[in-house]
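Please look over the sequence and the structure before reading on.

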Amino acid sequence: MEITLTTIHLGSVKRVVTLGINGRDLAHEYLLKLGREHQKGLQSILKRLAAIAEHERFENQITYRLVGEHIFEVKTKSGLRFYTFADEIEGLGLQLIIATSGGKKGNKKEQNSDIAEAKAIRRSYFAAKSQPTTTLNLIPFDNEDQDRQA
């Protein structure tokens, strides 16, 4: 198994990454799609993630709320949703906000499906991370200090 964590924001407290498992990164795909189709929505999600990364504990029931099984939903005014969970890379002391996937407001059935997908991705991540044969790659920003690599 291969886990790839691609940095999309480096806050003063936490790093925000997208999660790829064996070459598939649904969060990155979602952000690319938003960049093509909904630039304002993309900027709104990135702005919320940046704010969250600046705090040890961030609580806002409207824009960042727990939806179950340690999955948090980042929500924009336009109804876009982005799902995350937290983890840490041992030995580096890196606090991570790991983005799993996203969706739009849609109906309750679609939203529940998106949340179930995020929960499944989280379970897959921890199962893969616990395997001794799994490779974990942390991809920094272009200008970030290379000494912080996993």
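Which residues of helix 1 are buried? In this predicted model, they are Ala 27, Tyr 30, Leu 31 and Leu 34. Seen down the axis of helix 1, these buried residues fall within an arc of 100°, so they line one face of the helix.

**Helix 1**

- Helix 1 covers residues 26–37, and its 12 residues should span 16 Å at 1.5 Å a residue; the end C-alpha atoms are 16 Å apart, which agrees.
- Arg 36 and Glu 37 are exposed, and they sit on the face of helix 1 turned away from its buried side.
- At the start of helix 1, Asp 25 places a side-chain oxygen within 3.3 Å of the backbone nitrogen of Ala 27. Ala 27 is also one of the buried residues of this helix.

**Lys 104**

- Lys 104 is found in the loop that runs between strand 6 (94–103) and helix 3 (108–129).
- Is Lys 104 buried or exposed? Lys 104 has a relative accessible area of 56%; the cut-off for exposed is over 50%, so Lys 104 counts as exposed.
- Leaving aside residues up to four places away in sequence, Lys 104 touches Tyr 30, Gly 79, Leu 80, Arg 81 and Asp 114.
- Among these partners of Lys 104 is Tyr 30, which belongs to the buried residues of helix 1.
- Asp 114, another residue that Lys 104 touches, is 10 residues from Lys 104 in sequence, and the two C-alpha atoms are 9.1 Å apart in space.

**The chain as a whole**

- The chain has 3 helices and 7 strands. Read from the N terminus, the order of elements is β-β-α-α-β-β-β-β-α-β.
- A compact globule of 150 residues would have a radius of gyration near 15 Å; the chain has 15 Å, which agrees.
- Taken along the principal axes, the box filled by the C-alpha atoms is roughly 40 × 30 × 30 Å.
- Of the 150 residues in the chain, 43% are buried.
- Considering contacts between residues at least 6 apart in sequence, 56% join residues at least 24 apart.
- The chain has an accessible surface of about 8,400 Å², and carbon and sulfur atoms account for 50% of this surface.

Methods. Residues are numbered from 1 along each chain as its sequence is written. This is a predicted model: local features need pLDDT of at least 70, side-chain atom pairs count only at pLDDT 80 or more; totals for chains, interfaces and linings use all residues. Side-chain values use heavy atoms; hydrogens and water are left out. Helices (H or I, at least four residues) and strands (E, at least two) are DSSP runs, numbered from the N terminus. Buried means under 20% relative accessible area, exposed over 50%, partly exposed in between (1.4 Å probe, protein chains only). Contact means heavy atoms within 4.5 Å. The expected span of a helix is 1.5 Å times one less than its number of residues. The arc is that of the directions from the helix axis to the C-beta atoms. A polar contact is a pair of N or O atoms within 3.5 Å; within protein, one must be able to donate a hydrogen and the other to accept it, and residues adjacent in sequence count only if both atoms are side-chain atoms. The radius of gyration is taken over C-alpha atoms; the globule rule is 2.2 Å times the number of residues to the power 0.38. Accessible areas come from the Shrake-Rupley method with a 1.4 Å probe; for residues, only the protein chains shown count as cover.
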